[in-house]
Amino acid sequence: MKHTITMTLNGARRSAEVEPRLSLVDFLRDRLGLTGTHVGCEHGVCGACSVLLDGEPIRACLMFAVQADGHSITTVEGLREDGGALGILQDSFWETHALQCGYCTPGMLIAGQALLSRNPDPSDEEIREAIAGNLCRCTGYVQIVDAIRLAGARMRQMPATPGPETGDD
Amino acid sequence: MTEHSTRRFVSAKRRPKEDGRFITGTGHFVADVTRPNMLHVALVTSPHAAAKIVSIDTRAALAAPGVAEVLTGNELAALANPLANAVDTPGVKCYPLAAGVARYAGEWVAAIVAESRAEAEDAAELVEVEYQPLPHVIDAEEALDPASPPVHGEHGSNVLYRRTFTWGPVAEDFAGQPHQLSFKLRWGRSAPVPVETFGVLAEWNAGTEILDVWASIQMPSYAEQIAAALRMPVNEVRAHYDVDVGGSYGVKRGIKHTVLAGFLARRLRRPVRLIEDRLENMVGGDMHGPDRHFNVAVAFDDDGLIKSMKLRVIEDVGGQTGRAAFQLGKPVSAIVGAYRINSVEYEAIAVSTNKTGQAAVRGFGMSPTNVAIETAVDKVARHRGLSRLEVRRRNFIRADQFPYLIPSGSEYDSGDYHTVLRKAVDLAGLDALLKRRDTARRDGKIAGIGIATCLEPGGGNSAFEPLLNPKNETTTWPESCVVKVDRSGGITATIATSTSGQGHETLAATIIGEELGIDPDTIRVVHSDTLSGLPGNTPVASRMAIMLGGAAAGAARKIRDQAILIGAHNLKRTPEQVRYADGAVTALDDQAQSISLARIALIAHREFHNMPPDLTEPGMQAVHVLQVPKGGALPTADGRVQMYPCYSFAAHIVYAEIDRLTGKVTLSEYSIAHDCGTVINPDIVRGMVIGGAAHGIGAALYEEFAYEPSGQLLSGTFVDYVMPSSHEVPDIKLAEHCTPSPLTSHGQKGVGEGGYLGAPAAVASAINDALSPFDIECLTLPMRASLLSDLLADRPAETES
Amino acid sequence: MKAAAFEYCRAESLRQVLEELSGAGGEARIIAGGQSLAAMMAMRLARPERLIDINHVDALAGIEAVDSGITIKACTRQAAALQSTLIAREVPLLAAALPHVGHIQTRNRGTIGGSIAHGDPTAEILLAATALGARVTLASTAETRVLAISAFSLGAMETAARENECLTEVTFPKLPQGLSIGAAVDEISPRAGDYALIAAAAEIGLDAEGVCRHARLASSGAAPVPVLAAPVAEVLVGSPLNDAEIDDAARLLDPLLDPENDVHASAAYRRRVAPGMLARVIKAARDQARSRMT
């Protein structure tokens with residue numbers, strides 16, 4: 001039996017009918033065409049499918065889409081600033097070249113965004129902890145840590161403005 | 001070569017062109033490609049290490065909801081040619097699906113095609129396969145025994161390749177030295193395991209009679225191999241290189257996947273997608289990596305000068321052959337490492353076992369061999385009571401000896417190993433690090449410092465192919481670039497490969513921009529497909545800076561020459577009376593007389609009346625297909641050949657502590673000094689080196705595709721196959737040195753592999769330095785915590801010095 | 001790796017959960033955070049016909065102080081427990097265990113009750129619950145029963161929960177009064193955040209003289225379920241906990257162990273490391289307790 005679900009996705013209301021076994025990440029990618037969120041392992045280890053659920057990072061392969069009913073989801077497509085400019089963290093990833101193949105990058109951005117929204121001045125150890133659930137085979141993480149550190153510094157220099165949509169809280 | 005002082009874009013910080021799409025979630029990966037009416041494949045796999053497939057009952061699966069087709073191995077084998085073998089083994093016939101015999105646990109036996117992936121998986125459970133288990137062999141040394149169960153019966157033996165190369169007077173050199181030592185070393189089976197699995201989407205267009213293929217691919221001769229297996233003309237296969245590859249590091253080969261998907265697409269007349277799930281990828285994707293048993297012997301004098309080396313390698317290629325045996329070939333290109341070793345005996349053996357097949361892995365077999373060489377150097381130092389640094393300095397090829405011919409026939413182009421090592425020592429603060437180690441040891445800790453160097457041969461000419469298979473007379477591996485200037489002056493470059501994180505678009509744009517004096521950010525770089533594009537061999541062998549960079553420079557220089565002719569003509573000068581700079585042609589005698597590239601392009605496209613009379617071809621485009629520098633020759637009868645043109649070099653120093661209780665290793669103070677010639681993009685180079693080192697740390701300490709004696713893979717998930725996270729990879733600091741290659745457009749060399757080539761040796765060196773006070777050593781990679789703890793368990797604390 | 005088809009029920013009340021379970025004849029599974037179950041379903045190692053989602057049952061979330069200790073409702077997120085000042089103060093051993101549980105993303109969905117109900121023998125929450133002698137409450141339409149964790153946890157992925165029962169809450173006992181308390185959890189895992197090869201938990205209470213008056217100790221990874229290290233605790237209570245005493249006492253763990261080989265470590269390794277890891281956490285807890293003595 002299919003279920004009708006409604007969620008807030010990157011700030012907009014979306015409704016759909018889903019069969020229960022459809023994972024949240026498959027729903028986002030295959031049903032909504034939001035292919036920025038990636039599938040890496042489908043068993044909850046690699047973090048490539050990370051999205052924000054009500055502002056907190058989760059693994060979208062370990063949640064069924066039907067369970068997201070009533071929740072707010074933010075994907076990498078929702079990380080731009082309101083006017084369409086790159087988010088500070090996105091721009092910092094570019095500045096430090098915190099990626100190579102780009103496959104883990106959306107998940108890394110989600111993990112980094114969640115950290116900085118809670119703690120704009122993280123230590124390197126806190127940054128490493130925040131991305132420890134996201135595997136990257138290309139970079140060795142060093143330039144990712146650089147990017148998140150840089151983004152934090154840039155955010156701290158900004159006048160307080162609302163960041164990207166990260167949920168209800 | 002452009003003079004360094006005048007460079008505007010090469011070596012300057014520049015945001016990579018590719019990054020913009022990846023940070024916004026707008027990359028174009030294979031799983032993002034969809035076609036109308038697309039079908040999905042799931043696979044039925046063998047549970048046995050070796051088994052005869054007695055029968056396959058597909059009726060229930062065919063009747064399941066959404067199922068379009070169920071294909072068995074025998075059916076496919078009757079209609080397709082076997083997949084290509086690296087070495088000359090006509091009795092070895094591998095197909096995408098096991099035909100008659102399954103040769104490893106997890107091998108694909110049947111393919112289900114359905115309207116959704118979930119339905120395909122549902123139906124896969126309904127396929128009933130009757131197996132008759134056969135004897136199997138998992139241990140490579142056992143597989144050498146002629147009595148071992150043959151993995152490929154028709155071949156008659158599990159030995160796929162065996163040859164002993166002797167380069168120089170090995171027997172005399174061994175006899176003439178006062179000291180010898182020998183040891184065994186084990187490199188456990190690991191692999192890059194990209195976060196994106198392999199995927200392919202194939203669509204047969206009956207109208208155009210073209211098989212379109214979108215794939216997560218990094219494979220030379222990809223379309224040719226697909227066509228050969230599917231018995232099609234090569235020009236009926238169109239592989240699209242505009243697909244972003246989510247990491248490859250060598251392994252994204254996917255021939256069997258593509259043959260299967262292509263076959264199904266043609267049969268069903270619908271697009272067919274095969275995106276491996278993680279289990280299919282790790283168990284049945286045939287993308288494991290080297291799995292080696294080494295025997296190493298060196299002969300040396302009182303001063304620790306190594307005169308000769310004997311290296312015996314058994315490569316356990318598993319149950320599918322592919323290109324795995326070729327990974328015994330690349331080490332020949334730097335068989336003496338950075339050292340003036342006079343002679344080498346190299347026995348290279350490839351055996352089949354009932355394990356998953358291998359694909360090429362970053363460094364193409366060099367990283368394990370480098371551990372063997374560097375471990376030997378450390379042992380010589382220990383034997384002679386010398387420091388590991390000093391032994392390296394004494395044995396290094398000196399800066400004044402380049403170009404330097406090694407015994408196996410390759411000439412190293414340039415280098416300054418002493419200086420790079422000094423830079424590593426300075427960066428690491430080695431004196432302070434030694435004090436820290438000694439203090440830690442006095443405090444009862446198990447601490448060590450790793451020192452290792454590595455050569456990174458780059459620019460591959462595939463000379464390993466004829467070297468290991470004389471029937472394969474390949475002497476070129478070109479790369480190409482097309483540069484065109486449109487009528488508005490806009491520049492577009494076309495490259496003939498996909499990208500998997502190395503920044504080829506940035507590379508091509510930077511070099512073309514440099515040559516034409518145009519801002520690289522305004523240069524568009526697109527990827528061809530295999531029908532529209534020119535020859536290319538994908539980013540294997542640390543080759544793209546050298547080969548694509550060279551092709552891009554060559555094409556841009558042709559554009560520049562053309563601009564000079566048109567510009568001079570319109571300035572009423574001879575070509576010798578003008579110069580090209582900063583996107584314009586200017587008269588040497590009058591700076592005011594200048595004509596922009598945009599204006600020249602308009603003339604070329606639209607104003608034939610303003611063209612010089614000897615330019616009869618309108619438009620503004622240039623093609624450059626680059627032959628590998630110093631390539632072109634077949635190996636000599638004794639197996640000497642110039643394999644790679646350019647030799648990068650790196651020195652790694654790392655500090656390690658081993659927890660006495662658990663054996664857990666903590667790395668810190670990781671320093672790398674490296675020389676990859678001219679750096680094209682500093683951030684990309686930094687990422688390559690650090691990322692490669694992280695990959696090497698995984699191979700050294702954590703990652704292994706381990707097998708039970710029964711032949712079951714024990715680490716087929718991300719839970720059990722342990723890739724390092726941000727907690728396991730320490731901060732890594734870099735220092736650079738530059739000895740430009742005399743063979744390349746801007747002095748650049750390769751850099752994609754060096755981090756991975758150096759790190760396992762450095763980590764192994766650190767672990768063994770830490771263990772040395774206990775008079776024990778670890779010569780098995782990965783050096784898991786449990787293994788180190790088991791080694792230490794027998795040693796009472798008092799033996800610490 | 002797509003889950004086999006199933007029916008989905010979003011439960012709104014505990015009664016609904018229990019009625020669903022009661023009518024399912026063992027073919028239903030509860031999903032809380034799903035951080036283990038969803039992965040097992042993707043691999044088709046679990047294939048429930050019906051999934052009962054308890055994430056919207058208000059009565060199953062929350063942390064509260066009760067007479068007997070601290071009760072954590074089953075569907076309380078691990079992240080919420082980690083941020084709870086009540087848990088930090090009253091169940092410090094659980095607070096010490098939680099940072100070792102998975103990663104930020106999995107703790108944001110994973111629940112306290114789900115982890116215990118899953119019965120993974122190396123899960124840190126189960127380890128802490130074992131050390132502390134927590135009690136779990138199991139409800140069905142027929143009855144509600146409370147089991148000691150030792151009676152609940154029967155083997156690897158094996159618990160005393162019946163097919164028709166829902167684990168509704170876990171209660172951790174009160175801390176002893178008048179003692180200086182220290183708590184520590186440590187482990188060796190293949191990679192930070194992974195399941196532990198060997199883990200240990202220790203809660204230590206010292207009296208004003210620094211003598212140990214309270215020791216709750218457990219070890220996991222070297223037996224099918226977490227092992228309550230009662231013989232070790234028995235020896236240590238009454239001692240001033242010097243290092244040698246701790247090392248000697250920790251060896252009493254050995255007879256309780258029954259380790260197995262796997263790809264990550266040998267049985268011999270597990271048997272060797274478990275007592276040492278226990279000693280390590282006892283010392284860490286002792287040091288913390290000492291540092292808190294006035």
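**Terms and the values behind them**

Author: D775(B) is found in the loop between α19 (754–771) and β29 of chain B, where helices (H or I, at least four residues) and strands (E, at least two) are DSSP runs numbered from the N terminus. This is a predicted model, in which local features need pLDDT of at least 70 and side-chain atom pairs count only at pLDDT 80 or more, while totals for chains, interfaces and linings use all residues. Residues are numbered from 1 along each chain as its sequence is written, and chains are lettered from A and ligands numbered from 1 in the order in which they are written.

Reader: What makes D775(B) buried or exposed?

Author: A residue is buried if 20 or more other C-beta atoms, placed from the backbone, lie within 10 Å of its own, exposed if 12 or fewer, and partly exposed in between. D775(B) has 9 other C-beta atoms within 10 Å, and therefore it is called exposed.

Reader: What is the phi of D775(B)?

Author: D775(B), although not a glycine, has a positive phi of about 60°. Most residues other than glycine have a negative phi.

Reader: How do you know whether L241(C) is buried or exposed?

Author: L241(C) has 23 other C-beta atoms within 10 Å, so it counts as buried. L241(C) also has a positive phi of about 60° without being a glycine, and it is found in the loop between α10 (230–236) and α11 (243–250) of chain C.

Reader: Why are the buried residues of α11(B) said to be on the same side?

Author: The buried residues of this helix (residues 388–395) are R388(B), V391(B), R392(B) and N395(B). They cover an arc of only 100° around the axis, which puts them on the same side of α11(B); the arc is that of the directions from the helix axis to the C-beta atoms. An α-helix has 3.6 residues a turn, so residues three or four places apart point the same way.

Reader: Against what do the buried residues of α11(B) pack?

Author: They pack against β14 (306–318), α10 (366–384), α12 (417–428) and β18 (446–458) of chain B.

Reader: Which residues does a cis peptide bond join, and what is omega there?

Author: A cis peptide bond joins F402(B) and P403(B), with omega about -5°, and P403(B) is found in the loop between α11 and β16 (404–405) of chain B. The bond from L781(B) to P782(B) is also cis, with omega near 0°.

Methods: Two residues are in contact if their C-beta atoms, placed from the backbone, lie within 7 Å.
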